[in-house]
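Student: Could we go through this structure together and ask what stands behind each label?
Tutor: Gladly, let's have a look.

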Amino acid sequence: MKKEKSLKPKLTFKRRLIQLYAALLTNANIKGFATGSIFLGNTKSACVPGLNCYSCPGAVGACPLGSLQNALASTKKTVPYYMLGIILLYCIMLGRWICGFLCPFGLIQDLLHKIKTPKLKKSRVTRILSYFKYVLLVFFVVIIPLAYMLKDMPLPAFCKYICPAGTLGGAISLLLHPNNAPMFEMLGPLFTWKFALMISILVGCVFIYRLFCRFICPLGALYGLFNKISVLGIKLEKKKCIDCGLCVAKCKVDIKEVGDHECISCGECISVCPTKAISWKGSKIILPENEIPEKATAEEKEAITKKREKRVFTLRIIAAVLMIAVLATSLVYFNFIYKAPEANTDIGTGEFNVEDYRGKVVVINFWGTWCSGCKKELPAFDRIASEFEDKNVVVVTVHTSGTEGWEEPDIYIDKNLKGSKMLFVRDVKVEGAAFDTYYKALGGNGNYPMTLVLDDKGVINYHTTAEMTYDELLAEVEAALAKDTSGINPDELFEGYYIGDLCPSMDLEFIDLID
Amino acid sequence: MKTRLKIHNITAFITAALVIITGISLAACCIAIYVSGGDQPFSREAVGKYLKYVMIQGVATLELVIFGIVLKFAFPLDKEKLRAKPNILVTRKKLTEKLQKRDEILLRTDEKINREKKYRKKMSLGLASIITALGIASILFATLIDYSVSDINGYVIKVSVFAFSLAFIGGGLIYAYDILSKKSYKREIDALKSLLVIANSDVPAPEMPETKDRKPALVNLARVSIITVAVAFIVLGIFNGGMSDVLGKAVRICTECIGLG
């Protein structure tokens, strides 16, 4: 009897290659790791299929899970059709094939599992634990964001409290860059919890195969619901199946049957099936002559087989060339061609200008109604504005040019800050720019809120991208008031956004408040 | 081969221990940095002071991982010799011999296995109870001790204790169930018998009844419907501003999402 070649090594190698390719393509902005900043281009309006935090410096697309939570938590209070459509499309086209082949975090888990240690095998307990991700999906991805939306407080609960991909790809990557040293001020109990959780998951992945995918990932839970009917994936032909159970025994995840909601379509069961009942879905679309007729002669069978092999070879070459072309184009575009538009403060046309307030201490706070942290700290700024109204202190809040689908600032101010002594202005955005102009000119790199405290000569005394408490703000305002600026000549200073620089000025429009 | 296996296993256990220690150290380091920092919890000096210890452990772990990889390629294990899995290509005679052997083992050691199972059941239940009790005690301790939320150090300790105690409970339960789960030879024997049916040309394959398969048409209909709905949603979403909302959020660093508050 002719010995059959084992399919396993070839398939595992190909799968690893596709995983690496997908990870590189979804994180093609390698320049971002070198500069410590995230990508700002329009490709981020499209969601990648796997779990890849959009705060990762390399990410060139949006995370589907994060975008879904933000869409559900939006105070726009409309159905998030765009996000639902994208996720539905991924579910029906790819199902959990994404988990097995395209997800960067899945690749990290696979590589960690290769470390040579004793492994915890699957059992009835792990099967029960695998339903926990559905609980997380319902509560953290759907219910909590919706509940907080009713309170006008956006809260992407899974991203905030659980997601290790955000901690690893976003926080760690950004914190490792010297330019982001000010971010260390923002670390606190939340980071401690998330960091400890991330470490636990990564260490656990060494011992438990795909720990995160099997027990925690809500995205996998969602994709798994469509696994049986997805276009791509693994299928089991019941007619050929003899229920020997070798596929289930071989599989490292908690399937009951090949292709069920736990199956990540890695394809490792294909090689162990004695009756060749397991195959890839979708093969008939490309190879209509997949089935060799039973009554065909030996010569006809050979001819069909040769024709099929030739077609497979041609398709492979075309696919490889296309994939290499796409990856090369992406890497060149994102790293060498794309340039974010410069911030030009001369384009402003409003009536507010920080130069008009020389002689007073100015507190500038950049915020947005879509930013829960910003809204949390606004009462502290309001209090400072009231208490220091007669003491040469001006508090001006600069809202983002857009609202990203959230509440308009005038409505929010009318509801929560009516009668406030703060000044409310709006920033300006140039078409094609990722950030608002004044925000960018004052050193903004995507973090909100951002606060600057200027002394009475317009020099930046304090600059932070962390949320501020009343006590912290009070300390900075009092320090600016107490500062002796008699020897400072603003005309001799460099205009910039570092402490000690003269704050740039720009004409900004006041927000029309509701009477 | 046995010596190689021993070396592989020892390497595996040491790597496992170091990975766990490095992981716990990283987490503890993070807590220590936060607790000790005072006004500036995560100052560069504090981070530098503690991280170097973790880096040393990390380097040791990495070296052991690399050693494990080199070991795997330089001194490979012959898995066929180590594993007694049924090979689809064995002859009928070998399959029959294997089956008989398994049946004999089962018959002779049935009593012994039952006795051992009862003993292990008691031991594991005891151990799991202790671990679970420890975990519950830790949670009660964390919640009952009077830490005020403004006391950040206490808050961090409380959260850490809570997290580790959850891990204890979870670990205890998993351990208990794993030990208790029945190791069944039945599935392996059934698999071997099925293979015997295929390998033995004298025994006809079981007859599968002919059924009309309507499933593909329904599945294709479902697919086409869902794809149509998905595309319609995407187009609708683009026109009502959903796409620009996604872009607006994605080009900003979500400090909440990455744990920076």
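**Two helices in contact**

Tutor: In α10(A), the residues A:P164, A:T167, A:L168, A:A171, A:I172 and A:L175 meet A:F191, A:K194, A:F195, A:M198, A:I201 and A:L202 of α11(A). Contact means heavy atoms within 4.5 Å. This is a predicted model, where local features need pLDDT of at least 70 and side-chain atom pairs count only at pLDDT 80 or more, while totals for chains, interfaces and linings use all residues. Residues are numbered from 1 along each chain as written, chains are lettered from A in the order in which they are written, and side-chain values use heavy atoms, without hydrogens and water.

Student: What are the angle and distance between the axes of α10 and α11 of chain A?
Tutor: The axes of helix α10 (residues 164–175) of chain A and helix α11 (residues 189–207) of chain A come within 9 Å and cross at roughly 115°. That makes α10(A) roughly perpendicular to α11(A), because angles of 65 to 115 degrees count as roughly perpendicular, under 35 as roughly parallel, over 145 as roughly antiparallel and the rest as oblique. Axes are lines fitted to C-alpha atoms, for helices over the stretch in contact, and angles run from 0 to 180 degrees between N-to-C directions. Helices are DSSP runs (H or I, at least four residues), and strands are runs of E of at least two.

**Burial**

Student: Why is A:F226 called buried?
Tutor: The relative accessible area of A:F226 is 18%, and buried means under 20%, exposed over 50% and partly exposed in between (1.4 Å probe, protein chains only). A:F226 lies in the loop between α13 (218–224) and β1 (234–236) of chain A. Leaving aside neighbours within four places in sequence, A:F226 is in contact with A:L88, A:C91, A:I92 and B:I226.

Student: What makes helix α8 of chain B mostly covered?
Tutor: Seven of the nine residues of α8 (residues 242–250) of chain B are buried, including B:V246 and B:L247. Of the 261 residues of chain B, 28% count as buried.

**Confidence**

Student: What is the mean pLDDT of chain A?
Tutor: The mean is 85, and 91% of the residues of chain A reach 70 or more; pLDDT is the predictor's confidence in each residue, from 0 to 100.
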